[in-house]
Amino acid sequence: MKLRSHLLNVLINDEVEAYLKENDVIIVPFGPTELHGGLPLDCETILAEGIALLMAQRTDSLILPHVPYIYSGATASGKGTIQLTVRESADMLQGLAHSLLRSGFKKQIYISLHGPAHISINPVVRDFFDETGIAILYIDGMITAQKSGVFSDPKAMMLNLDKMILGAYKLRNRLDDILLTSDYAEPVTQTPAVFGNLSAQAFQSGATGYYFKEHSDHMATSAIPDVETRDRMAEEGLVLLNKMVDAIDFPTLLKEMAIQEEYLDDVYKRFPHVPAAYNRHKNS
């Protein structure tokens, strides 16, 4: 069927049910509402939504509107940050996954570019699988950005991130929400660097607890002094976003998810005692 919109919330219920008769794919972009230098508080979440929308357009899939409240991490020192605990975040995402499954969305793909997002989503990926026998997928956008070359140059990494964020706002027709300012363009050494060896012992925010001491810690953002600069950065950002979506190769991932489903059916037949098989049988 031809989708009137790729955003589930824009459709009426009849359209969603018609989609589910032909497709069971849903993409869920999520991220924080948090302190982020000179950019809007929801910028990392809009970035994930922009990438999800490009993925959906290429595969005629549905996406949820972005989920903007999860565990933020060290940015809790900013009063604009909405800080859920890790457990609250995981429970919310777990509940969302179950609701989507009950509706018929068996192929669920979650995506985020928030550094600590893995802390909230990884327990969901594994526990939901054991509970239902359905393997959902998490795409860590930070890893994809590295693979695509978008973040391969450390010096260009933050500039490219800002361009991608502006590209996502343009994609969502929200570019006017970007403040024209150069006040946050000066790079700084983050205050937690004094114990940086501790936080480097595991993936981001997963090694030890801390908050940022200065709002400038998160984070320096590129100078956007005028509309012309903003528009140029947004156009360059759209190119980078499409480069990332090329690297994700979502059609291939969907094919592999179908292969995975057949693989798991064989595993469940051989080992009916594994949690996924046992719980699926118990609840059938």
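Residues are numbered from 1 along each chain as its sequence is written, and side-chain values use heavy atoms, with hydrogens and water left out. Because the model is predicted, local features need pLDDT of at least 70 and side-chain atom pairs count only at pLDDT 80 or more, while totals for chains, interfaces and linings use all residues.

**Nonpolar cores**

In soluble globular proteins, nonpolar side chains tend to be buried together. A nonpolar core is here a set of buried Ala, Val, Leu, Ile, Met, Phe, Trp, Tyr and Cys residues joined through side-chain atoms within 4.5 Å. Buried means under 20% relative accessible area, exposed over 50%, and partly exposed in between (1.4 Å probe, protein chains only). The largest nonpolar core has 67 residues, and Phe 30, Leu 47, Ile 51, Met 55, Tyr 110 and Met 164 have the most contacts inside it. Helix H2 (residues 43-59) gives the most to this core, namely ten residues. Helices (H or I, at least four residues) and strands (E, at least two) are DSSP runs, numbered from the N terminus. A second, separate core of six residues includes Phe 129, Leu 264, Ala 276 and Ala 277.

**Helix H4 and Phe 129**

Phe 129 lies in helix H4 and is buried, with a relative accessible area of 16%. Contact means heavy atoms within 4.5 Å. Apart from neighbours within four places in sequence, the residues in contact with Phe 129 include Leu 264, Tyr 268 and Ala 276. Phe 129 and Ala 277 are 148 residues apart in sequence, yet 9.7 Å apart in space, C-alpha to C-alpha.

Helix H4 (residues 117-132) reaches 22 Å from its first C-alpha to its last, close to the 22 Å expected at 1.5 Å a residue; the expected span is 1.5 Å times one less than the number of residues. Just after H4, Gly 133 takes a positive phi of about 80°. The buried residues of H4 pack against the elements below.

| Element | Residues |
|---|---|
| Helix H3 | 86-103 |
| Strand S3 | 107-112 |
| Strand S4 | 137-140 |
| Helix H9 | 250-270 |
| Helix H10 | 275-283 |

**Helices H5 and H8**

Helix H5 (residues 141-148) packs with helix H8 (residues 227-248) at an angle of about 95°, their axes being 9 Å apart. H5 is therefore roughly perpendicular to H8. Axes are lines fitted to C-alpha atoms, for helices over the stretch in contact, and angles run from 0 to 180 degrees between N-to-C directions; angles under 35 degrees count as roughly parallel, over 145 as roughly antiparallel, 65 to 115 as roughly perpendicular and the rest as oblique.
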